[in-house]
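Here are a few friendly notes to read alongside the model. Please keep the structure open as you go through the points.

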Amino acid sequence: ATWLRTWYELYAKLNVRTATANRYELIIEHYTIPRIGSVKLKKLTTRHLQKLYKELLEGGRIHIGKNQDKGLSTTTVRSVHLMLHYALDRAVKERLIQRNPSEDCIVPKPRKLDMKILPPKHIHAYLEAVQARGLLPMFYLELASGLRKGELVALRWEDVDIQSRTISISRQYVRNPDGSLELTRPKTENSVRLVSIPQAAVELLLQEHEKHPDSPYLFPSPLTGEMYHPDSVVNLHKKILKDAGLEDIRFHDLRHTFATTALQNGVDVKTVSSMLGHYDAGFTLRTYTHATRQKQDEAAQTMGSILGQVNKRVKGSKKPGGKQIFPSGTRLSFPAVSGVGRGVGQKFGATPQNNYLQQKIPENRSFQGFLKLDSNLDIFRSCERFRKCTQPAFWLAALLRRTNVLAEGQNLGAGQLYFA
């Protein structure tokens, strides 16, 4: 207990943001000291810390809300571990202990939660409900910029540049562990930024400012005339969802909605990252993989189309070592597959596979689509009944004879058949 409090006062409190310092104090005073505070620094072991994490996961929550578990989340326990690692690492540097016991701890893996967004088809209903409550400028700006709630409520009219259509993000309103609010700089240096906004948002902000021209705040609370409490905006969001009959999502999910919509509509990752105030584009990519996956699928389709055009230019070209059996433009269908199975019967006599061919493909029936045969003869299938066999060229020849493409008695060797 003594060392944690000393480390907090001398090293942590003065060198981190206020919100982070308050978080450290909460971890020390409420999570750590009540459980292992009596253990001497030199006697502290990895097992003490591992037991601490287990107790926090099982019942570490101080205030248990509705539908909440007694235990802390894995993310919170990881933050406890990280702070203790910093504090104990400092103790090693000051030679108070020989090694850091937190280094050998097994930290719980964070649970990846499914990200929710406001679906595009529901945005209109959401904004209609917002308009009915007279809150369109605030929530329209949120959907158009993806600001954090503390950044949104801290905006002042002086932060808006009408000509360049930008807003300056240089402060945020945060709640301390004791419930008090504090105006601070944003989360990271990258969070201090200029964010471009659409002209429609600018016009809505001008209308909003006309309602309270003497207020320095962009969105003053109608009750107090001061800044909105961040939790008040969250509660308004919940009421709006209820008014619109929409599924419950967090206010922070509006930020995810902005990012996802922007990425899926072609805005590059670096631009979205800078607008969100992320510390790097890699974090944005990892966070919004679902959105970038759609763009990858589109890229794959684009490349497929390009290569398809290239393929047409070589249509009818001769494959080395073989001869062209079909005239240029002929398209046959015979998809590729790999599987298990044994070889074929001799000369396509009375085998189950050959009987199946005779049943399914009448004599002289035409056959359309793709036909592909490589030099290894490793592709052959017509349905679930057919598997990879040791001599697929003979099988294929049998099929082609039945469709009147090959003459009776004519066989097919490796590399002889290809398509353009």
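**Notes on the predicted model**

1. The largest nonpolar core has 49 residues, and Y126, F139, L141, L155, I167 and F219 have the most contacts inside it. Such a core is a set of buried Ala, Val, Leu, Ile, Met, Phe, Trp, Tyr and Cys residues joined through side-chain atoms within 4.5 Å; buried means under 20% relative accessible area, exposed over 50%, and partly exposed in between (1.4 Å probe, protein chains only). Elements giving two or more residues to this core include α5 (120-132), β2 and α9 (230-244). Helices (H or I, at least four residues) and strands (E, at least two) are DSSP runs, numbered from the N terminus.

2. A second, separate core holds 28 residues, among them I27, I33, L49 and I97.

3. This is a predicted model: local features need pLDDT of at least 70, side-chain atom pairs count only at pLDDT 80 or more, and totals for chains, interfaces and linings use all residues. Residues are numbered from 1 along each chain as its sequence is written, and side-chain values use heavy atoms, with hydrogens and water left out.

4. Back to Y126: leaving aside residues up to four places away in sequence, Y126 touches partners including F139, H237 and L254. Contact means heavy atoms within 4.5 Å.

5. H81 sits in helix α4 (residues 74-93) and counts as buried because its relative accessibility is 13%. Beyond residues up to four places away in sequence, H81 touches Y53, S102, C105 and V107.

6. Do have a look at the open sheet, whose 3 strands take the order β1-β2-β5 with antiparallel pairing. Two strands pair if DSSP finds at least two bridges between them.
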